[in-house]
Amino acid sequence: MEASPIEARQGDTRQGDTSPVIHVEHLYKEYISAAGVMPVLHDLSAQIMHGEFVAIMGASGSGKSTLMNILGCIDMATSGTYLLNGRDVNTMDRDMLAHLRNDLIGFVFQGFNLLPRASLVDNVALPLVYSKVTRDERVARAEEMLNKVGLLKYRDSHPNQISGGQQQRVAIARALINRPKLLLADEPTGNLDSHTGHEIMDLFSELNTRDGITIVLITHEAEVAAYAHRLVRLADGRVVYDGNPAAHLSTHTPQKI
Amino acid sequence: MITAMLNEAWIAMWANRLRTILTMLGMVIGVSAVIIMQAVGLGAQQQVQESIESMGSNLFIVLSGAPTSGGGVRMGSGAIPTLTTSDAEAIEELPTVAGAAPSVSDTAQAIYGARNWSTQITGTTSSYFTVRNWELDAGAPFSDSDIRSATRVALLGKTVVDNLFGDENPVGQTIRIKNSPYIVLGVLSAKGQSLNGRDQDDTILVPITTAQRKLLGSQFAGTVRFIMVQAKSAEAMPAVEKAINELLRQRHRIREGAESDFNVRNLTAMANTAAETTAVMSLMLGIIASISLLVGGIGIMNIMLVSVTERTREIGIRMAIGARDRDILLQFLLEAIIISIIGCLIGVILGIAGALAAQAIADIHVVITLGSILLAFTVATAVGIFFGWYPARQAARLRPIDALRFQ
């Protein structure tokens with residue numbers, strides 16, 4: 001297997017914990033549409049260790065979003081094995097998957113996906129509603145997270161009252177509030193200008209190095225991928241590159257939108 | 001958890017307030033219809049019940065008549081007096097009979113001072129009070145000696161007192177009926193309407209002998225129009241009816257096979273029929289009202305289905321951050337229940353107001369019970385759960401990825 005974990009990086013607080021947080025093997029995913037069966041992932045295998053910061057790149061239709069949804073337990077593979085933190089996802093029922101999404105995984109979307117009618121503090125606190133945390137603690141922790149992303153002063157605003165970059169920060173605060181081990185981000189900077197995009201990526205880097213959160217993100221921007229410590233490139237549902245981002249990005253023309 | 005969900009339900013309902021209010025309106029109308037219809041139905045039932053109680057229990061009325069004259073012209077009951085006071089006395093002797101009161105009656109003008117009032121004058125015996133279960137508010141009933149000597153004494157019904165005396169105490173005063181003076185012995189207690197809607201208090205009772213000899217005047221001396229008979233118990237009623245028939249046929253010397261010249265009617269059975277009719281009527285009213293509640297429930301289901309479709313993406317987001325199926329189910333179910341409970345509260349208030357307004361304006365007797373309000377609440381909550389369940393389950397069963405991708 002060409003996937004090789006980057007070990008003992010600087011600042012990794014989980015040094016020594018080298019078990020894979022994500023382990024997928026022979027993953028297939030097909031969609032059945034009117035045009036027939038559409039293969040999206042084709043015999044995909046990979047491992048991601050605790051504390052890694054991985055960027056996934058690939059052209060549209062390469063299956064990167066599908067992979068991300070499967071990794072985030074909001075979609076299921078057609079066949080193949082997915083061990084999340086050592087546990088087989090395929091054997092779990094809907095409630096157990098919901099628990100994983102709530103507890104273990106933080107998900108950041110390209111379109112932010114905040115609830116438009118809820119205030120920022122309520123948006124951030126939402127995952128805690130589903131993990132039976134008392135109201136006082138929910139508010140306290142949500143305020144702490146908002147403070148961490150620098151938006152505490154907007155705690156009672158609504159998502160449409162703040163900028164896109166700020167909304168993505170709120171979404172990140174929400175993804176992190178339950179102290180997940182794994183942060184999945186599907187083109188987190190896709191809807192943002194490059195300056196704001198860099199701010200978000202700086203935040204991700206900090207979360208990875210300081211808090212040791214494993215981060216997997218999708219991007220098609222080389223400068224975003226450069227923040228990661230490992231780059232996986234997909235094409236037609238297969239892994240075509242897995243390794244150092246710098247080496248790969250220098251030899252490949254970065255894709256622009 | 002539940003407070004957070006209530007809060008979210010409130011936010012969602014507030015965001016679509018017009019829609020929420022219109023949906024609620026369906027419940028409001030349904031519940032107030034149920035409350036009003038039940039109040040009217042119970043009111044009617046209570047009125048019938050009161051009439052039955054005021055009539056007296058286990059009653060028969062024996063009417064004279066039903067004879068055929070030679071030409072074959074059949075006269076109505078009571079047209080030809082064939083019953084006599086002694087018939088009544090004989091009936092009273094029967095072992096299963098509690099009392100028998102012979103009665104004659106006619107309409108006449110009663111005068112007191114400058115006021116006059118046309119009312120029904122009934123001549124009867126003191127058995128009448130026990131048979132009809134009728135008490136006096138003031139004064140005393142006439143005695144057997146009043147009946148023997150046909151004295152001019154009278155007992156007045158409430159309505160007669162109100163019209164002749166106003167606030168004055170009538171006991172001991174003298175009224176005039178057909179130009180003869182009568183001393184008022186007492187005032188009868190109020191009985192209200194009879195089953196056929198007649199005011200039972202618009203009456204004057206006098207001794208039967210007085211009525212026969214001095215007041216009404218009949219070509220057949222000693223005859224009576226009807227005899228009211230009370231059986232000792234409800235179980236004895238069939239036996240009493242048979243005994244009266246046999247006794248009177250024998251006394252009137254009617255041959256085997258010939259038609260009776262009297263007519264025994266079971267008033268209690270008729271009253272029970274009336275009570276059953278009212279019960280069926282209030283049941284029908286209830287069913288009709290329930291249909292509007294059902295329509296309200298369908299309105300809730302409709303709106304909840306729209307709401308689930310509209311908020312599919314929101315459901316996807318919630319699922320992506322860890323909402324379980326039952327969290328989503330509860331959220332939508334809670335909304336449906338809140339709409340129905342608030343709708344029910346308003347409906348109860350409007351229903352009570354409507355029922356009281358009907359009573360005040362249209363003079364319809366209504367009865368509002370805690371039971372009917374509780375019933376409305378229970379039904380409304382059940383409707384909310386029943387019609388909220390399907391949309392909520394649709395929401396909870398969505399696959400997270402489908403919900404998130406929904407545009």
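**Entry 1: where the chains meet**

I started at the interface, where 18 residues of chain B are in contact with 22 residues of chain A; contact means that the C-beta atoms of two residues, placed from the backbone, lie within 7 Å. On the side of chain B that touches chain A, helix 1 (2-15), helix 10 (312-320), helix 11 (325-362) and helix 13 (400-405) of chain B each give two or more residues. Helices here are DSSP runs of H or I with at least four residues, strands are runs of E with at least two, and both are numbered from the N terminus. I sorted that side of chain B by class and got 12 nonpolar, 2 polar and 4 charged residues. Nonpolar covers Ala, Val, Leu, Ile, Met, Phe, Trp, Tyr, Cys and Pro, charged covers Asp, Glu, Lys and Arg, and the others, Gly among them, are polar.

**Entry 2: ground rules**

I noted that this is a predicted model, where local features need pLDDT of at least 70, side-chain atom pairs count only at pLDDT 80 or more, and totals for chains, interfaces and linings use all residues. Residues are numbered from 1 along each chain as its sequence is written, while chains are lettered from A and ligands numbered from 1 in the order in which they are written.

**Entry 3: confidence**

For the complex, the predictor gives an ipTM of 0.88 and a pTM of 0.73. Chain B has a mean pLDDT of 86, with 95% of its residues at 70 or more; pLDDT is the predictor's confidence in each residue, from 0 to 100. Over residues 67-71 of chain B, pLDDT stays under 50, and the model has 6 contacts for them beyond four places in sequence. Where pLDDT is low, the predicted coordinates should not be read in detail.

**Entry 4: a sheet in chain A**

In which order do the 6 strands of the open sheet in chain A run? I read 6-7-8-3-9-10, with mixed pairing; strands pair if DSSP finds at least two bridges between them. Strand 6 (105-108) and strand 10 (238-243) of chain A are at the edges with a single partner strand each, so one side of each has no neighbour in the sheet. Strand 9 (residues 230-235) of chain A pairs with strand 10 of chain A in the antiparallel sense over 5 bridges. I also found L231(A) bridged to G243(A) in strand 10 of chain A.

**Entry 5: two helices in chain A**

Last, I checked what helix 3 of chain A meets in helix 5 of chain A: L120(A), N123(A), V124(A), L126(A) and P127(A) meet V170(A), A173(A) and R174(A). The residues of this contact divide into 6 nonpolar, 1 polar and 1 charged.
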